[in-house]
Amino acid sequence: MKVNGREYRSIWLAADGLGVEIIDQTELPFRLVVARLQTLEAAMHAIRRMLVRGAPLIGATAAYGICLGLRRSASSAALENMAAALIACRPTAINLRWAVDRMLRVLLPLPEGERLAAGYREAGQICEEDVATNEAIGRHGAGLIDTIWRKKGARSPVNILTHCNAGWLATVDWGTALAPIFKAVAAGVPVHVWVDETRPRNQGASLTAWELVAAGVDHDLIVDNAGGHLMQHGRVDLCIVGTDRTTASGDVCNKIGTYLKALAAFDNGVPFYVALPGSTVDWTVSDGVAEIPIEERGEEEVLQIQGQDAEGTMRRVSIAPPATRAVNPAFDVTPARLVTGLITERGICAASRPGLLGLYPEQGQ
Ligand code: MRU
């Protein structure tokens with residue numbers, strides 16, 4: 001996507017064909033900083049500390065992380081160790097494991113001397129496929145937005161609520177939940193986005209809002225608790241969110257607070273859609289609440305807040321008494337019964353096993 005007229009992706013191979021460059025998302029929305037990853041450890045640090053985040057992007061970063069690790073050792077034991085270390089960086093998003101497993105499947109059968117070049121080829125392929133997949137999600141989702149707009153009389157904008165950041169910064173390009181919005185706006189459908197700030201890390205305020213500004217999409221930032229009220233007053237036509245892992249039966253795990261939005265949408269008859277690539281479906285689990293591991297992050301993310309002061313200096317400030325402790329689950333699970341549909345690269349389906357198998361029949365064999 002474009003920022004100030006320049007085309008960007010969230011991750012790319014450096015000019016030397018070996019290093020990897022990323023947008024450091026911890027610096028947004030105030031500074032667009034490109035960071036360079038030269039080692040496996042740097043890739044792991046970027047995933048853990050959330051310089052890169054979003055399910056598809058951490059998968060792509062892990063794939064390149066393996067390439068960086070292969071530069072030091074291409075033995076099978078080293079590969080297995082790298083894979084395990086990368087997967088452990090963040091436990092919830094399945095795309096991380098999906099990408100690492102895909103790299104192992106391609107690399108382990110090869111002679112050691114061929115692994116490095118093959119690794120870079122495969123990581124590049126993962127990135128290219130991600131872009132094409134998300135663009136297809138955008139096309140399918142834009143059709144849905146267009147239908148809602150016409151139902152409204154094709155006059156006023158479609159008001160879409162989104163949570164966290166499932167835009168191009170969360171993927172290699174386009175995004176999942178935001179791709180339909182970018183496509184619909186490009187096709188001339190007026191869209192207004194309600195952006196949940198998404199405490200504690202504020203991915204909505206710092207990343208989604210930044211993407212929407214860059215793309216010229218009309219939006220307002222709202223506190224996480226405002227969505228239900230806006231829905232009650234008919235000010236939300238549609239919710240679209242992303243997901244870090246969706247079960248084979250359509251339960252959706254996404255950023256903490258998604259479940260509450262889905263409950264409010266259900267109560268108010270607002271359609272609640274989830275946009276995802278096929279690689280986000282974990283076909284091995286069906287009960288999301290019981291089976292998906294939920295990342296617990298540090299309490300400082302809740303007890304403090306970060307922002308830029310009037311002089312342009314980034315600061316962290318405390319917002320609770322020093323003696324107060326905090327608990328910080330990073331994701332929650334929205335049961336399939338609250339999800340109106342899943343927007344995938346292969347089309348839109350019901351959030352159910354038959355719905356998913358209709359689009360991915362190869363998984364039923
Ligand atoms: O903790 P984060 O910022 O990595 O969480 C990201 C999300 O929850 C996104 O909604 C999800 O990864 C879908 S991204 C296309």
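Is Asp-332 buried or exposed? Asp-332 counts as buried because its relative accessibility is 13%. Buried means under 20% relative accessible area, exposed means over 50%, and partly exposed lies in between, with a 1.4 Å probe and protein chains only. Keep in mind that this is a predicted model: local features need pLDDT of at least 70, side-chain atom pairs count only at pLDDT 80 or more, and totals for chains, interfaces and linings use all residues. Residues are numbered from 1 along each chain as its sequence is written, and side-chain values use heavy atoms, with hydrogens and water left out.

Stay with Asp-332. This residue is in strand E16, residues 331-334. Helices (H or I, at least four residues) and strands (E, at least two) are DSSP runs, numbered from the N terminus. Not counting residues up to four places away in sequence, Asp-332 touches several residues, among them Val-252, Asn-254 and Lys-255. Contact means heavy atoms within 4.5 Å. A polar atom of the Asp-332 side chain lies 2.7 Å from the backbone nitrogen of Gly-257. For the backbone nitrogen of Tyr-259, the distance to a polar atom of that side chain is 3.2 Å. A polar contact is a pair of N or O atoms within 3.5 Å; within protein, one must be able to donate a hydrogen and the other to accept it, and residues adjacent in sequence count only if both atoms are side-chain atoms.

Now turn to the ligand. A polar side-chain atom of Asn-254 is 2.7 Å from a ligand oxygen atom. An N or O atom in the side chain of Lys-255 is also 2.7 Å from an oxygen atom of the ligand. For Arg-90, a polar side-chain atom lies 2.8 Å from a ligand oxygen. On its own, the ligand has 420 Å² of accessible area, and the protein covers 100% of it. Accessible areas come from the Shrake-Rupley method with a 1.4 Å probe; for residues, only the protein chains shown count as cover.

Thr-198 sits in the loop between strand E7 (191-196) and helix H7 (203-215). Thr-198 counts as buried because its relative accessibility is 0%.

Next, step back to the whole chain. The protein chain is divided into domain 1 (2-129) and domain 2 (138-364). These bounds come from an automatic or database domain assignment. The C-alpha centres of the two domains lie 24 Å apart. Across the boundary, 33 residues of domain 1 are in contact with 35 residues of domain 2.

What lies inside? In soluble globular proteins, nonpolar side chains tend to be buried together. A nonpolar core is a set of buried Ala, Val, Leu, Ile, Met, Phe, Trp, Tyr and Cys residues joined through side-chain atoms within 4.5 Å. The largest one here has 80 residues, and Ile-11, Ile-66, Ile-145 and Trp-168 have the most contacts inside it. Helix H5 (residues 112-151) gives the most to this core, with 12 residues. Each of domain 1 and domain 2 supplies at least three residues. A second, separate core has 27 residues, including Met-231 and Val-252.
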